[in-house]
Amino acid sequence: MSAVSSRLPVFPWDKLEPFKATAAAHPDGIVDLSVGTPVDPVPALIQRALIEAADSPGYPTVWGTAALRDALTGWVERRLGARGVTHGHVLPVVGSKELVAWLPTQLGLGAGDRVAFPRLAYPTYEVGARLCGAEPVPYDDPTRLDPAGLKLLWLNSPSNPTGAVLAPDELTRIVAWAREHGVLLFSDECYLELGWEADPVSVLHPDVCGGSYDGIVAVHSLSKRSNLAGYRAAFLAGDKAVLGELLKIRKHGGMMTPAPVQAATVAALGDDTHVREQRARYAARRAALRTALETHGFRVDHSEASLYLWSTRDEPCWDTVAHLAELGILVAPGDFYGPAGDRHVRVALTATDERVEAAVKRLG
């Protein structure tokens, strides 16, 4: 066990605990903007679907019910603009973090293989590479990478933590490069429904992929769009051959989405009203927090999408964390997402309206 853990970076959130204690000591309580975990209710129609499927004594299947696959293919075509999507082009997974962490292992990667991901990124891309013994390779522009030994390329648009969005022509260029060099491309698009100053586009859009899904897979999650982080509901869409192999492997591993969660996913993907309502909540919180941060002397970079404001006072990120903790506000230091983030903090929009209002007052 120690041999495995020695390959992994230190779990970053432990370093935030002293600052969390400082923020919690504020007379009006902590405003925790450090973690992007939903706080709003699960929409009623999704709860009903879960409850109605609660009497599910048998094992679910890894591939999911036909109804689930219909919901996945329908949503991918309707929302992402993809065409000709069949059941073979989709695969449910038990939350997207599980997929990101274990994908290189499930692909059979190991020593001598390379896994690339954005230089500023969700830490689990690197963890996934290290778990299987592959070499993690951060990049600024993936098309400038040496393709030798590169087996897996991660994109993340909209980005966590920066909220940056890759334009369609950039995506098209990257997809073409990956195909030219035989590199499997996985695009983490979990924040695609949350574009503010940009309209995020999927790699599965025909203008990007040319109508072919060869060599590309998109990762989607219901955690943010539908407040389902607690349900662990996510899925893949793309290359049939890749998903077929992953399905076989995941059957052996028993990686099954619970049957009630499958039913809830069908309900969630079939309804757009709750998505619009949740977007409106986040938009209001985003506007309030951004104005307050800028009034307080922050600059907000990128952040045209996702659930975060990538903010800086042009000082070391831990100094900013400490400053805000004294105001009872907890944020994530930018270096959690790579050394390039060492002068930024990530401010999440995932707090109640009351807590966001408290943060705005303190920043004012």
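Ser-221 has Ala-234 of strand β8 as its bridge partner. The model is a predicted one, in which local features need pLDDT of at least 70 and side-chain atom pairs count only at pLDDT 80 or more, while totals for chains, interfaces and linings use all residues. Residues are numbered from 1 along each chain as its sequence is written, and side-chain values use heavy atoms, with hydrogens and water left out. Helices (H or I, at least four residues) and strands (E, at least two) are DSSP runs numbered from the N terminus.

Strands β7 and β8 (residues 234-238) run antiparallel and are joined by 5 bridges; two strands pair if DSSP finds at least two bridges between them. Strand β6 (residues 184-188) pairs with β7 in the parallel sense over 4 bridges, with Ile-216 of β7 as the partner of Leu-185. Strand β7 (residues 216-221) is largely enclosed by the rest of the structure, because 6 of its 6 residues are buried (under 20% relative accessible area; exposed is over 50%, partly exposed in between; 1.4 Å probe, protein chains only). In a regular strand the side chains alternate between the two faces of the sheet. In β7 both faces are covered: Ile-216, Ala-218 and His-220 are buried on one side, and Val-217, Val-219 and Ser-221 on the other.

The largest nonpolar core has 64 residues, and those with the most contacts inside it are Leu-33, Trp-154, Phe-186 and Leu-236. A nonpolar core is a set of buried Ala, Val, Leu, Ile, Met, Phe, Trp, Tyr and Cys residues joined through side-chain atoms within 4.5 Å. Helix α12 (residues 317-326) gives the most to this core, with 5 residues. A second, separate core of 44 residues includes Leu-72, Leu-80, Leu-153 and Ile-216. Leaving aside residues up to four places away in sequence, Leu-236 is in contact (heavy atoms within 4.5 Å) with residues including Phe-186, Val-217, Ala-218 and Val-219.

The search of the whole structure finds 3 cavities of 30 Å³ or more. The largest cavity holds about 50 Å³, a volume being the space filled by probe spheres set on grid points joined across faces, edges and corners. Its lining includes His-220 and Ser-221, along with Trp-75, Glu-189 and Phe-235. This lining has 5 nonpolar, 2 polar and 3 charged residues (Ala, Val, Leu, Ile, Met, Phe, Trp, Tyr, Cys and Pro count as nonpolar, Asp, Glu, Lys and Arg as charged, and the others, Gly among them, as polar).

The largest pocket contains about 1,200 Å³ of space. It is lined by 45 residues, of which Trp-13, Lys-97, Tyr-122, Pro-123 and Thr-124 are the closest to its centre. Two or more lining residues come from each of α5 (96-106), β3 (114-118), α6 (124-131) and β4 (135-139), and α6 gives the largest share, 5 residues. By class the lining has 25 nonpolar, 9 polar and 11 charged residues.

The second largest pocket contains about 470 Å³. Among its 26 lining residues, Pro-118, Leu-120, Asp-140, Thr-162 and Ala-164 lie nearest the centre. Helix α7 gives the most to this lining, with 3 residues.

Definitions and conventions:
1 Å grid on protein atoms, 1.4 Å probe; cavity = no way out; pocket = protein on both sides within 12 Å on 5 of 7 lines; lining within 4 Å.
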